[in-house]
Amino acid sequence: MIYYKCDALCIRTMLETDIRAFFEAFAAQGWEKSKPEALFNTYYKMQNSGQRAVIVAEKDGCAAGYATLAGNAASGPFRDKNLPEIIDFNVLKNISARVSAAGLWISPKLWQKREVKLSPLPSAFIRDTHQPKGCM
C-alpha cells in the first residue's frame, strides 16, 4: 500500500525486496551486526501477519528508511492506552534524513485517513508537517 507519494519520495508498506535492500544498505554503512538480514525478514513476516506495521520511505526508487510500529504500547505510561508504539525507526546515512524522516512521521496521519488498523500518533507529534500541493 502506498500512503504518500510526491516527487522522489514514496511512503509505503514494506516489500519482500526491501529485506535484502535494507540489509545491503546498512551493511555498506557498517551496521550489518545490528541490522542483519534476518531482522528485516522478521519485520516483513510481522507486517504480513498483522503483528506490526512496517512503513518504508523510498527516495528515487531506493529504500531510504523505515519505521515499525506495534498497535499498542507494551510497557510504560502508554501501556494498554490503545496508542501505537514506534519500535524501530531508521533512515540510511546516505539519504537526506530530513526528507525521509519527515515522510515517516507524516505516515501515521495518513493511516488515519485510510482507516488502517493502527491508531495514529497524537497530532501534536505531526502538527507542523504539511503536504506539498499536487501530492497524494
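**Strands, helices and charged pairs**

Mentor: Gladly! Here is a place to begin: in β3, the bridge partner of C10 is E58. Keep in mind that this is a predicted model.

Trainee: How many bridges join β2 to β3, and how do the two strands run?

Mentor: The C10 and E58 pairing is where we came in. The two strands run antiparallel, and the number of bridges joining β2 to β3 is five.

Trainee: What is the order of the strands in the open sheet?

Mentor: The protein has three helices and five strands. Along the sequence they follow the pattern β-β-α-α-β-β-β-α. The open sheet has five strands with antiparallel pairing, and their order is β1-β2-β3-β4-β5.

Trainee: Which strands stand at the edges, each with a single partner strand?

Mentor: Take the order β1-β2-β3-β4-β5 and look at its ends. A strand there has a single partner, so one side of it is left without a neighbour in the sheet. The edge strands are β1 (2–6) and β5.

Trainee: Which residue of β4 is the bridge partner of V56?

Mentor: Look at β3 and β4, which pair in the antiparallel sense over eight bridges. In β4, the partner of V56 is Y66.

Trainee: In the hairpin of β1 and β2, which residue takes a positive phi?

Mentor: These two strands run antiparallel and are joined by four bridges, with Y4 standing opposite I11 in β2. Two residues lie between the strands of the hairpin. The residue with a positive phi, near 55°, is D7.

Trainee: How many of the residues of β2 are buried?

Mentor: Across the protein, 41% of the 136 residues count as buried. β2 is mostly covered, and of its five residues the number buried is five.

Trainee: Over what arc around the axis of α1 do its buried residues lie?

Mentor: In helix α1 (residues 16–28), the buried residues are D18, I19, F22, F23 and F26. They sit on the same side of α1, because the arc they cover around the axis is only 130°.

Trainee: Which exposed residues does the face of α1 turned away from its buried side carry?

Mentor: Start from the buried side, where the cover includes β2 (9–13), α2 (37–49), β3 (52–59), β4 (62–70) and β5 (85–91). The face turned away from that side carries the exposed residues T17 and A28.

Trainee: At about what angle does α2 run to β3?

Mentor: Let's take the helices in turn. α1 lies across β2, β3, β4 and β5, running at about 110° to β4. α2 also lies across β2, β3, β4 and β5, and its angle to β3 is about 120°.

Trainee: E58 forms a salt bridge with R12; are these residues buried or exposed?

Mentor: The closest N and O atoms of the pair are 2.9 Å apart, and the pair links E58 in strand β3 with R12 in strand β2, 46 residues apart. The cut-off for buried is under 20% relative accessible area. E58 has 17% and R12 has 7%, so E58 and R12 are both buried.

Trainee: Which residues are linked in a network of salt bridges?

Mentor: Side chains of opposite charge can pair when their charged atoms come close. A search of the whole structure finds six salt bridges. The residues linked in a network are R12, D18 and E58.

Trainee: R20 forms a salt bridge with E37; how many residues apart in sequence are the parts that the pair ties together?

Mentor: The closest N and O atoms of R20 and E37 are 2.7 Å apart. R20 lies in helix α1 and E37 in helix α2, so the parts tied together are 17 residues apart in sequence.

Trainee: The side chains of D88 and K35 meet in a salt bridge; what relative accessible area does K35 have?

Mentor: The N to O distance of this salt bridge is 3.0 Å. The pair links distant parts of the chain, with D88 in strand β5 and K35 in the loop between α1 and α2, 53 residues apart. D88 is buried, with a relative accessible area of 10%. K35 is buried too, and its relative accessible area is 9%.

Methods: Residues numbered from 1 in each chain as written. Predicted model: local features only at pLDDT ≥ 70, side-chain atom pairs only at ≥ 80, totals over all residues. Heavy atoms only, no water. Buried < 20%, exposed > 50% of the residue type's maximum accessible area, 1.4 Å probe, protein only. Arc of directions from axis to C-beta. Contact = heavy atoms within 4.5 Å. Pairing = 2+ DSSP bridges. Axes fitted to C-alpha atoms, helices over the stretch in contact; angles between N-to-C directions. Salt bridge = Lys/Arg side-chain N within 4 Å of Asp/Glu carboxyl O.
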